[in-house]
Amino acid sequence: TADGDSKWITSELARKNARLLRSQCDAVIVGAGTINADNTELRLVPKYGKKKFLRVVVDGRLRSNPTSKIFSDPNCLLAYSDLAPKSSVARFKRAGVEVKSFGKSISFKKLLKFLAGEGIQSVFIEGGSNLNASFFDEALGNELLLDRVVFYIAPKLVGGEKSLPVIGGRGVSKIKDSLTFLESKFGSIGDDIKFEGVKNFY
């Protein structure tokens, strides 16, 4: 909503399904906005509870709270940029959080390349509007960054010109430049609709 309320848009069944998809990957990437708003731990479903799983928080200016639940997990990486104050970097290090700078700005190509070097083969991007925007805008110029998209659509109308879109950012200026899929399918999950679009096959 325009006031930032988002609990809960989708049903519990849809959220459980999203947690399952998250759990099947090697890592999840979230933005600082999600951490600050929800203080989420990004847990896995019990079936995958003991696997090694990396939680990556993208926070260019280090505006997150070091006491957020996610930073108590030893398998957490905080990605920041040179725009972050040195005092904030030191604060997170004192809190025992693993931090890594990605230069003047955090590009997803650079981040994913780093994660691949750490043995991460599959990544679940669970972003809010801003993180989704950053990834989408970069993927428009490099479609190999994106393999699959999953959306859960609830039968609810919110409205409001100041409400956050699912994907913010620049977007495309021409419909012909829209991101399209090689394969798409819709299904029902509880009262919600699940959309899956495949961009790249391997």
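Reader: With which residues is Val99 in contact, once its neighbours within four places in sequence are left aside?
Author: This is a predicted model, and the contacts named here are computed from its atoms. With neighbours within four places in sequence set aside, the contacts of Val99 are with Leu77, Leu78, Tyr80, Val89, Phe92 and Lys93.

Reader: Which elements give two or more residues to the largest nonpolar core?
Author: The largest nonpolar core has 25 residues, and Val99 is one of those with the most contacts inside it, a group that also includes Leu78 and Phe92. The elements that contribute two or more residues to this core are helix 1 (12–23), strand 1 (27–31), strand 3 (76–80) and helix 3 (86–94).

Reader: How many residues has the other core, which lies apart from the largest one?
Author: This other core includes Val56, Ile106, Leu115 and Leu179 among its members. In soluble globular proteins, nonpolar side chains tend to be buried together. The number of residues in this other core is 21.

Reader: Over what arc around the axis do the buried residues of helix 4 lie?
Author: Helix 4 covers residues 108–117, and its buried residues are Phe108, Leu111 and Leu115. They lie on the same side of helix 4, because the arc they cover around the axis is only 65 degrees.

Reader: Which exposed residues does the face of helix 4 turned away from its buried side carry?
Author: The buried residues of helix 4 pack against strand 1, strand 2 (54–58), strand 3, strand 5 (123–125) and helix 5 (129–141). The face turned away from that buried side carries the exposed residues Lys109, Lys113 and Gly117.

Reader: What relative accessibility does Lys100 have?
Author: Lys100 has its place in strand 4 (residues 98–101), and, with residues up to four places away in sequence not counted, Lys100 touches Leu77, Leu78, Ala79, Tyr80 and Phe114. Lys100 and Leu78 are 22 residues apart along the chain, yet their C-alpha atoms are separated by 6.3 Å. Buried would require under 20% and exposed over 50%, so Lys100 counts as partly exposed, at a relative accessibility of 28%.

Reader: What is the radius of gyration of the chain?
Author: The chain has five helices and eight strands, which run from the N terminus in the order α-β-α-β-β-α-β-α-β-α-β-β-β. The globule rule gives 17 Å for 202 residues, and the chain comes close to this value, so it is as compact as a globular protein of that length, with a radius of gyration of 17 Å.

Key. Residues numbered from 1 in each chain as written. Predicted model: local features only at pLDDT ≥ 70, side-chain atom pairs only at ≥ 80, totals over all residues. Heavy atoms only, no water. Core = buried A, V, L, I, M, F, W, Y, C linked by side-chain atoms within 4.5 Å. Buried < 20%, exposed > 50% of the residue type's maximum accessible area, 1.4 Å probe, protein only. Helix = DSSP H or I, 4+ residues; strand = E, 2+ residues; numbered from the N terminus. Contact = heavy atoms within 4.5 Å. Arc of directions from axis to C-beta. Rg over C-alpha atoms; globule rule 2.2 N^0.38 Å.
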